[in-house]
Amino acid sequence: MMKHRWAAAAATVLMTTGLVGSAAPSWASAGTPSAANAPVSALELPEPPTAEEARAELDELTVAPEDDAPGYSRSRFPHWITQHGTCDTREVVLQRDGTDVTQDDQCRAASGHWVSPYDGVAVDAAAQLDIDHVVPLKEAWRSGASEWSTKDRRAFANDLTHSQLIAVSARSNRAKGDKDPARWRPDLDSYHCTYARAWVSVKFEYGLTANQEEHDALVSMLDTCI
């Protein structure tokens, strides 16, 4: 089971992912600004905490060894789920993170422009992008998610509310794999601050643990924040 502090937030995630009720997410309402007109921070990740907040949250994380818990499979984190109409989580993130994105009648990104924040690679074809889980699914599994219900893991894998999903180049996503910040960091040093803030936020919100090397790497990355 997820820690109690996540219970209320999980309910919000379930609402936005269509697991509870049928309301469309707030970004889909009429009059929502296009990505091209959104602040840069909104294009990077949805409201990551400040560096000061991230440091406080990092201090509260349980530091513990993380062994590969048996039984991991990506299928234990069902994704991508339908968000509204024919749009699944991947298509929502592509729309959010790109500029001039057009979609076909099945909500698939037909055209657009994206810049991968991990490595600065610019692409004009959605097929060249992966949707990265900032905290990888296997990393979550071995730091607490193995004890969650499938419903909780589904919410985690499709979380549009927190700083967990982002469109990045396929090359950078596959280089990262399931590595934590002690073993992998974005190629762009300028993104280390945002990445660390996002990682800490997700681990904190879901009550996941961090090993000592991961904790120390996050401290170092947060020190790059201006």
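Trainee: Which residues have the most contacts inside the largest nonpolar core?

Mentor: In this predicted model, the largest nonpolar core has 34 residues, and those with the most contacts inside it are Phe77, Tyr118, Val134, Val135, Phe156, Tyr195 and Leu208. Helices α3, α5, α6, α8 and α9, together with strand β7, each supply at least two residues of this core, and α8 gives the most, with eight residues. A second, separate core of 15 residues includes Val93, Cys107, Ala126 and Ile131.

Trainee: Why is aspartate 97 called buried?

Mentor: Aspartate 97, which is found in helix α4, has a relative accessibility of 12%; because buried means under 20%, aspartate 97 counts as buried.

Trainee: What makes the pairing of aspartate 97 with arginine 96 a polar contact?

Mentor: The side chains of aspartate 97 and arginine 96 are joined at 2.5 Å, and the cut-off for a pair of N or O atoms is 3.5 Å. Residues adjacent in sequence count only if both atoms are side-chain atoms, and this contact does join side chains. A polar atom of the aspartate 97 side chain also lies 2.9 Å from the backbone nitrogen of alanine 167.

Trainee: How do you know that the buried residues of α9 line one face of the helix?

Mentor: The buried residues of helix α9, which covers residues 212–222, are Glu214, His215, Ala217, Leu218, Met221 and Leu222. Seen down the axis of α9, these fall within an arc of 165°, so they line one face of the helix. In general, an α-helix has 3.6 residues a turn, so residues three or four places apart point the same way. What covers the buried residues of α9 includes α3, α5 and α8.

Trainee: What is found at the start of α9?

Mentor: There a side-chain oxygen of asparagine 211 reaches to within 3.3 Å of the backbone nitrogen of glutamate 213.

Terms used
Residues are numbered from 1 along each chain as its sequence is written. This is a predicted model: local features need pLDDT of at least 70, side-chain atom pairs count only at pLDDT 80 or more; totals for chains, interfaces and linings use all residues. Side-chain values use heavy atoms; hydrogens and water are left out. Helices (H or I, at least four residues) and strands (E, at least two) are DSSP runs, numbered from the N terminus. Buried means under 20% relative accessible area, exposed over 50%, partly exposed in between (1.4 Å probe, protein chains only). A polar contact is a pair of N or O atoms within 3.5 Å; within protein, one must be able to donate a hydrogen and the other to accept it, and residues adjacent in sequence count only if both atoms are side-chain atoms. The arc is that of the directions from the helix axis to the C-beta atoms. Contact means heavy atoms within 4.5 Å. A nonpolar core is a set of buried Ala, Val, Leu, Ile, Met, Phe, Trp, Tyr and Cys residues joined through side-chain atoms within 4.5 Å.
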